[in-house]
Amino acid sequence: MAKIAWTIAGSDSGGGAGIQADIRTFHDFGLHGASVVTCVTAQNTAALTDNHIVPTATVGTQLRALRDDLPPGAIKIGALGSNDNAAAVLDFLGALPDDDRPFVIWDPIRHASVGGALGVLSDDTIDSLLKCVDAVTPNAEELADTWNIDPSDPAHAAGRLCKRGAKRVYLTGGHGDSPGLDHWASPTRSFSIRGDALTGRGAHGGGCSLSSALAAAMVCEDEDSAPVLAHMYVHQGLRAIAAGVDHPGAGRPPLPHLGWPGDAADLPRVVDAGRAIGPVFPALSQPIGLYAVVGSADWVQRCVEMGLDTVQLRVKDLPAPALRDAVAQSVAATEGSNTRLFVNDFWREAIDAGAYGVHLGQEDLTNADLPAIAGAGIRLGVSTHSYYEIARAHAVAPSYVAIGPIYATTTKPMKFAPQGIDRLGRWVDLLKPRYPLTAIGGIDTARTPGVMATGIDSIAVVRAITEAADPLQAVADLRAAMRIAGP
């Protein structure tokens, strides 16, 4: 069944902003876009010359027509034109059942980026909208003008808006600024989204497209990843403008709509509130190759004897002395061999023992002393399961990135569903220009050729070797399926 999103906004006769930009954005995310027109503007890329407010009764009939046939997964609200139109939208949203309510995003736009007002809302209406919607996407100027909040400290500003009733806030730089630093705040996360700075004056319709991309991504992805994808979507359009792409009109260039964002140049660095971008870690000394994840120093030794390229020691619930011994024994087992050892989670013990590398999950990425790990010359691998986690890993520039679970796995509880081959391929296209990659999760000999066909550099296996009747033969079979030579 087709996924649907609505835009409740004004029409831009020049095609660069408003519902025209929103519909094109929804299409790029694979959604069917429907629209409720609240005002009809006469504008082009240089100026807005007229704004006709659609009668409130017509706004209401549009809402009811869509409700009866095209239920949305998300709704983006833009310019409403009048308090009466806003009241009609608020009444409509308030009547929706809680168990079937779409995710609602409000772009509190007051003026077109080409100049000119798009309607005035009262303070009471603004307060009601802020408390009704699920997310609000002001830029710096809108934050200051509408709520009198200083945008210079984005995390603090977003927090102040949340105290006024906002459930989630996506704060962007402002008109004319490329997205160098955005901020997302929700009940569960607060993080900055740092993109590469771009030259230029920004784009006509950039704010509209940001909010509609956020709505679309809420339908397609997990909540934490949606702001990352929205940033990437706008960044790829601004990057095209900075590169000199042809654009219509003589004024502010409309944001190009270029499909699902998939270029590493648009991947931002996500940094938790209050933390700095991490250090750069050493590169791998050789390709990852066949990667075994094992639970004891004895198995590390067996992997060395079988000529594995890379091995990870993943142990849990050991007392401190036994843990230190297991790490030290594993380091000793790999010394002088062609097998590289990564220690899962226990970075202090890895530093003390002189391990080749450390592998961290997302929770451990928060707590680990990354400068200490990098200062010890130790390589870093990071587990990722979503766009948010990929962008978070990108902020610390690891030595490699692990993607999974590709298939269902019973080795440990997973909060993410299996990624599948198609999604893995999308992430390989995004990340391979920047990082060595390994895929993990439910991979066996039969599944290996399909995984490798995505262009991934490596596979990591947990049970395919350690639970095989003949581990040495399993290694040979996996290498053959990967089409790499043995030691």
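Colleague: What should I know before we start?
Modeller: The model is predicted, so local features need pLDDT of at least 70, side-chain atom pairs count only at pLDDT 80 or more, and totals for chains, interfaces and linings use all residues. Residues are numbered from 1 along each chain as its sequence is written, and side-chain values use heavy atoms, with hydrogens and water left out.

Colleague: Do β1 and β2 pair in the parallel or antiparallel sense?
Modeller: Parallel, over 9 bridges, between β1 (residues 4–12) and β2 (residues 32–43). The chain crosses from β1 to β2 through helix α1 (residues 18–28), and this β-α-β crossover is right-handed. Right-handed means that, with the strands pointing away from the viewer, the path from the first strand over the helix to the second runs clockwise. Strands are DSSP runs of E, at least two residues; helices are runs of H or I, at least four; both are numbered from the N terminus. Two strands pair if DSSP finds at least two bridges between them.

Colleague: Which residue in β2 is the bridge partner of S11?
Modeller: V40.

Colleague: And how many residues are in the hairpin that joins β2 to β3?
Modeller: The hairpin has 4 residues. β2 and β3 (residues 48–53) pair in the antiparallel sense over 5 bridges. C39 stands opposite I53 in β3.

Colleague: Switching topic. How many aromatic pairs does a search of the whole structure find?
Modeller: It finds 12. Rings of Phe, Tyr and Trp (its six-membered ring) pair if their centres lie within 6.5 Å; planes under 30 degrees apart are stacked, over 60 edge-to-face, and the rest tilted. F29 and W260 form a tilted pair, 5.2 Å centre to centre, with 55° between the planes.

Colleague: Last one. Where does D309 lie?
Modeller: In the loop between α9 (297–305) and β12 (310–313). D309 is buried, at 17% relative accessible area. Its side chain reaches the backbone nitrogen of L290 at 2.9 Å.

Methods. Buried < 20%, exposed > 50% of the residue type's maximum accessible area, 1.4 Å probe, protein only. Polar contact = N/O pair within 3.5 Å; in protein donor to acceptor, adjacent residues only side chain to side chain.
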